[in-house]
Amino acid sequence: MRQIPSMSDLLNLPWVPPMEELLGRSAVKSVFAEVIGEFREMIRTGKISSVDGESIVREARARLAQRSTLSLRRVLNGTGVVVHTNLGRSPLPLEVMRQVEEVAAGYSTLEFSLDEGVRGHRNQHVEWLLCQLTGADGAVVVNNNAAAVLLCLAGLASGREVIVSRGELVEIGGSFRIPEILSFAGAKMVEVGTTNRTHLSDYESAISDSTAVLLKVHPSNFRIEGFHCSVDRQQLAQLAVARGLTLVEDLGSGLLEPLDNGMLTSEPTVKECLSQGVDLVTFSGDKLLGGPQIGVIAGRRQLTDRLKRHPLMRAFRVDKMTLAAFEGILRMMLQGRGDQIPARAMLSERPEKIKKRAQKIAAACRRRIRERSIPGDARVIPVEDAVGGGAFPAVPLNGYGVALDLPSLGGASRVQRLFRKTVPPVVLGVDEGMPCLHVRTLLSGEEMLFMKALDHVLGVR
């Protein structure tokens, strides 16, 4: 224990003052105390028998360096997963980011009417745009699609029954489970059918005087193959009208216009769902729409106006920067410029175009490798990319990647780790046993950033 340096000795180290400027003296002291405490505990429990002061200094310095760096940072996505939840889902267009910057840098019309000089409503910035794009009478936005589903159920079915097929009782993302959402909303879940087969008669026989909502749920990343059937939304809509019920569909991914790539054709658009009789459709703005994280409820104005007045709206309301970004995305869609939204552009990019990009990057990588006289190679290989975000899980996207064969740097996992330490970090996939840059998800202009990262990795010994 006597080998552990004192707090005053640590604070007097020459590299500490710059850290205090970045984090504050109190935070620096807390990190030193944390490290000292951990070493004392390891000695007390017999995990280590001795310690030198230099080990404590190294650990404390590394921890302070990590905590003095921004944690939420830009990365290059080389995984081929377009809507990558762990990497922030959809990147925004630069013109939309400029709109966000303008709104964030000063005051705004978030809840203020310039025409009347009185308080306005934040939902008004996007409602008309959503109605134009979806054919809905009304729309309301919340902070994500899970909140949209919860608000619908709490606002329309609290204390009453909601009928849902057993084949649609899904769990999404490890925490969004339909049975638990229904319970939290105060609604009673009535399951109908079986896991693989549900018929219209199952819904009809389950309706009671307490029934309020028929709920149809998008399976997201879950699929049933083989002997199965489900009830289509048109049949459910007719049943809902006949029995005076509300049909709510959780569409999830939020496709407003079909994607022009010939592969992603099975997903219905929001407009199609509403035209087939669904009363309310909920969907995400940051998946197939390519916008910020936001949840949308679109459909009958009588219902959306009712939801706007629900107490949960304040807890779920959207901030000004998200609204600015979403308004920008919707205006691009309305102008017919959806192909300029990065996520949609990636999803629609043809394999032959991706291959040409990959060939240029691979050639540049080989030049870098030769210049440093390092054993290795970079070659173009076919890969399977993915939509991500739970959309089209059974539809792989044919793409191309640049596989890096760098045996002197170790195995694929070590090379991946080295790329994660570059500025900006690069997150790579692994294909054919080698670290691989999936080119589809590399944004325009990021090729040079990747080459800079490669230079850094090749300099590691």
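Helix α14 (residues 320-334) contains 15 residues and spans 21 Å from its first C-alpha to its last, close to the 21 Å expected at 1.5 Å a residue; the expected span is 1.5 Å times one less than the number of residues. Helices (H or I, at least four residues) and strands (E, at least two) are DSSP runs, numbered from the N terminus. The model is a predicted one, in which local features need pLDDT of at least 70 and side-chain atom pairs count only at pLDDT 80 or more, while totals for chains, interfaces and linings use all residues. Residues are numbered from 1 along each chain as its sequence is written, and side-chain values use heavy atoms, with hydrogens and water left out.

The buried residues of α14 are Thr-322, Leu-323, Ala-324, Ala-325, Phe-326, Gly-328, Ile-329, Leu-330, Met-332 and Met-333. Buried denotes under 20% relative accessible area, exposed over 50%, and partly exposed in between, with a 1.4 Å probe and protein chains only. The cover over these residues of α14 includes α5 (94-104), α6 (124-134), β5 (138-142), β13 (295-299) and α15 (342-348). At the start of the helix, a side-chain oxygen of Asp-319 comes to within 3.1 Å of the backbone nitrogen of Met-321. Just after α14, Gly-336 adopts a positive phi of about 75°.

Two of the elements covering α14, β5 and β13, also belong to a sheet. This open sheet has 7 strands in the order β5-β13-β12-β11-β10-β6-β9, with mixed pairing; strands pair if DSSP finds at least two bridges between them. Its edge strands, β5 and β9 (188-192), each pair on one side only. The twist averages 25° from one strand to the next. Strand β12 (residues 280-284) runs antiparallel to β13 and is joined to it by 5 bridges, with Ser-284 opposite Gly-295 in β13. Helix α6 packs on the sheet, touching β5, β12 and β13, and its direction makes about 120° with that of β5. Contact means heavy atoms within 4.5 Å. Axes are lines fitted to C-alpha atoms, for helices over the stretch in contact, and angles run from 0 to 180 degrees between N-to-C directions. Helix α7 (residues 145-157) also packs on the sheet, with a direction at about 155° to that of β12.

A further open sheet has 6 strands in the order β1-β16-β17-β15-β14-β2, again with mixed pairing. Its edge strands are β1 (76-78) and β2 (81-83), each pairing on one side only. Neighbouring strands are turned by 35° against each other on average, direction ignored. Strands β16 and β17 (residues 434-438) pair in the antiparallel sense over 3 bridges, and Asp-431 stands opposite Met-434 in β17. Helix α16 (residues 351-371) lies across β14 (377-388), β15 (397-405) and β17, at about 5° to β15. Helix α18 lies across β1, β15, β16 and β17, at about 80° to β16.

Leu-428 lies in strand β16 (residues 426-431) and, at 6% relative accessibility, counts as buried. Beyond residues up to four places away in sequence, Leu-428 touches residues including Gly-78, Leu-404, Phe-419, Leu-437 and Phe-450.

The whole structure holds 2 aromatic pairs. The ring centres of Phe-419 and Phe-450 are 5.6 Å apart with planes at 5°, so this pair is stacked. Rings of Phe, Tyr and Trp (its six-membered ring) pair if their centres lie within 6.5 Å; planes under 30 degrees apart count as stacked, over 60 as edge-to-face and the rest as tilted. Phe-419 in helix α17 (residues 412-420) and Phe-450 in helix α18 (residues 447-458) are 31 residues apart, and both are buried.

Terms used: A polar contact is a pair of N or O atoms within 3.5 Å; within protein, one must be able to donate a hydrogen and the other to accept it, and residues adjacent in sequence count only if both atoms are side-chain atoms.
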